[in-house]
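Reader: I am new to this structure. Can you show me how to go through it, feature by feature?

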Protein chains: 2
Amino acid sequence: MTGGNQLTVAELGEFRLIDRLVESLPSEIVARPHLSIGVGDDAAVWSPTPGRLCVITTDTLIEDVHFRPAWTDWRSLGHKMLAVNLSDIAAMGAEPVVATVTLGLTGSELVEDLVTLYLGMADLAVGHRLVIAGGDIVRSPSAVTLSVTVVGETDPGYLLTRNGARAGDLIAVSGTLGASAAGLALLEDTSGLKSARTAGLLIGAHLRPIPRIELGNLLARSGATSAMDLSDGLLGDLPKILVASRVSAEIHENQVPILPSVRALFPDRFQEFMLSGGEDYELLFTVPPGFWKSLAQEAKRIGSTITVIGRVVPIDGADPEVYLISPNESRRAVDASAFDHFG
Amino acid sequence: MTGGNQLTVAELGEFRLIDRLVESLPSEIVARPHLSIGVGDDAAVWSPTPGRLCVITTDTLIEDVHFRPAWTDWRSLGHKMLAVNLSDIAAMGAEPVVATVTLGLTGSELVEDLVTLYLGMADLAVGHRLVIAGGDIVRSPSAVTLSVTVVGETDPGYLLTRNGARAGDLIAVSGTLGASAAGLALLEDTSGLKSARTAGLLIGAHLRPIPRIELGNLLARSGATSAMDLSDGLLGDLPKILVASRVSAEIHENQVPILPSVRALFPDRFQEFMLSGGEDYELLFTVPPGFWKSLAQEAKRIGSTITVIGRVVPIDGADPEVYLISPNESRRAVDASAFDHFG
């Protein structure tokens, strides 16, 4: 990750850095009619839309934990740091309104690289009502730390939570699963797989995930009973809905949507990527069967693909379980202990 | 910083840690009528009060940059990480509503220490309407990183910004200045000053600053023309109001309120602490002279001390200046370049 202009953060100074970053953003992203005050006061100010609910989410990317400078570029990193937050907003059925950004920097970063980071956020923000309303720049002793908080809005009664899944509901996902994990495996790979024709697509899925905001909104208005975004993989995240809703799940392995290129490039690992690979940022949701047909039609209209992968079943015993049904119809309970960042 | 129970974050695991931290909070801080969903979904949800504006602010404390484990305790650290954010809310004249917390942890932290950290936040939150609505726990390679974002509310027309100061306004501060810098100097000191009778008070001012929320609210309703909180010292922060308002300032050095103990313990440094010491988290504000008398009375009624330290004057030249008037009435322009975290 390098830039043409070699001025560092320490050379420019914090206050001029904030100005420089804000100047680099398209003006509609830093000031909007519903936002009274943007960057530069003690706090940013906005007028919530009367009658709507607010939602708030926060996510952090840390160098060498969540990203490697050698594997990404600053523009993609800017995209991703905002995307992972917008994905949480999508999973609530809400629309983003305002974002704050905290950059933890060592001082040796190039100013032009940070401008590029901001442009990556802007790429994603311009398509939405979202305003980037400043934040904080702090010194970090070693690792670059990127924190974003997003506030969104939704209408009362149209809120997607994790605790509404009922036995009999269909379980479905957006897009395909495993592409991000395959992309990460390609970035790690030294055997030449990266030169495959489809490698760029998979690496792109890892570096620049697309938050499913329109789809989340549609789900909230189309009878979905629960939803969340897939950051820790299907088998890592599904249990969170099951625990919150006190239900179990049957998943048909051969119904889980996967890109042909993931299967082709990783014949021994595609199942692991599809079931346990993280960071797809697709939506996982449940919906009563009667709502499916019109939902699928509406999803198609907004350019989203959704696929049924199983169904919600009653708990059989003390705890929620995930039953995986293999292509030969054998049924087994899988260890659904959720992914642990310290495990 | 140690705890009795020796279980580490890595041993307990992320998900059980979140549960443990939330359980440790008084219930009114994690769930309130205006908050639909607290910790544990993709985002927290609340209903903004109809007709009010929202404000958002974020602040981060990083180990060995903003705090040293050897100099603080976890309860004070929890207090401070919330206090520095509430101080920004106070500086806007707003009241806090909801907070999200991101803990960047190495995994070797003791669970009981983090529970104590949360109790430190709770100590401060209970006095307000504030709800702690979850957040994010991430792995940090070395330094503990504590990020808090707070959303507050205020009424349109009662918003304290930095750009309303006008020539002729009085410049005033709450509390006293320099106590936090003196407390930090005591923590660094090895000459025995720490054993002074007043050392605990000053160290407390550094470790557990009090956000001036009620006073900020009062200022917003009592004619104050600008305000901010003092995190970077008087000479570091005042220029931010001056630049935003396009005015200069005269400050009478002997009117700046300072604790007698700061002067007594640091006869050679008290002026530096008072004028340039950071982290007092007092409010700095401007107000037309005609509003002063009733404002001072109201402030007294809510237990706040406010003191006039100078006045706003027109710009004489191209850029805003701070003129310091010494006890012998000599007047000099000071280099008002704001504090830079990378300087």
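**Reading a few features**

Author: This is a predicted model. Start with chain A: in α6(A), the residues A179(A), S180(A), A181(A), A182(A), G183(A), L184(A), A185(A) and L186(A) are buried.

Reader: Why is helix α6 of chain A described as largely enclosed?

Author: A residue is buried if 20 or more other C-beta atoms lie within 10 Å of its own. Eight of the 10 residues of helix α6 (residues 179-188) of chain A are buried, so the rest of the structure largely encloses this helix.

Reader: Which elements do the buried residues of α6(A) pack against?

Author: They pack against α7 (199-207), α10 (260-265) and α11 (270-276) of chain A.

Reader: Is Y281(A) buried or exposed? And is E329(A) buried or exposed?

Author: Y281(A) is buried, with 24 other C-beta atoms within 10 Å. E329(A) counts as exposed, with 8 C-beta neighbours inside 10 Å.

Reader: How do the axes of α2 and α5 of chain B cross?

Author: Helix α2 (residues 14-23) and helix α5 (residues 111-125) of chain B have axes that come within 9 Å and cross at roughly 40°. The two are therefore oblique to each other. Their crossing is right-handed. L17(B), R20(B) and L21(B) of α2(B) make the contact with V111(B), L114(B), V115(B) and Y118(B) of α5(B). By class, that contact has six nonpolar, no polar and one charged residues.

Terms used
Residues are numbered from 1 along each chain as its sequence is written. Chains are lettered from A and ligands numbered from 1 in the order in which they are written. This is a predicted model: local features need pLDDT of at least 70, side-chain atom pairs count only at pLDDT 80 or more; totals for chains, interfaces and linings use all residues. A residue is buried if 20 or more other C-beta atoms lie within 10 Å of its own, exposed if 12 or fewer, and partly exposed in between; C-beta atoms are placed from the backbone. Helices (H or I, at least four residues) and strands (E, at least two) are DSSP runs, numbered from the N terminus. Two residues are in contact if their C-beta atoms, placed from the backbone, lie within 7 Å. Axes are lines fitted to C-alpha atoms, for helices over the stretch in contact, and angles run from 0 to 180 degrees between N-to-C directions. Angles under 35 degrees count as roughly parallel, over 145 as roughly antiparallel, 65 to 115 as roughly perpendicular and the rest as oblique. A crossing is left-handed if the near helix is turned anticlockwise from the far one by less than a right angle, and right-handed if clockwise. Ala, Val, Leu, Ile, Met, Phe, Trp, Tyr, Cys and Pro count as nonpolar, Asp, Glu, Lys and Arg as charged, and the others, Gly among them, as polar.
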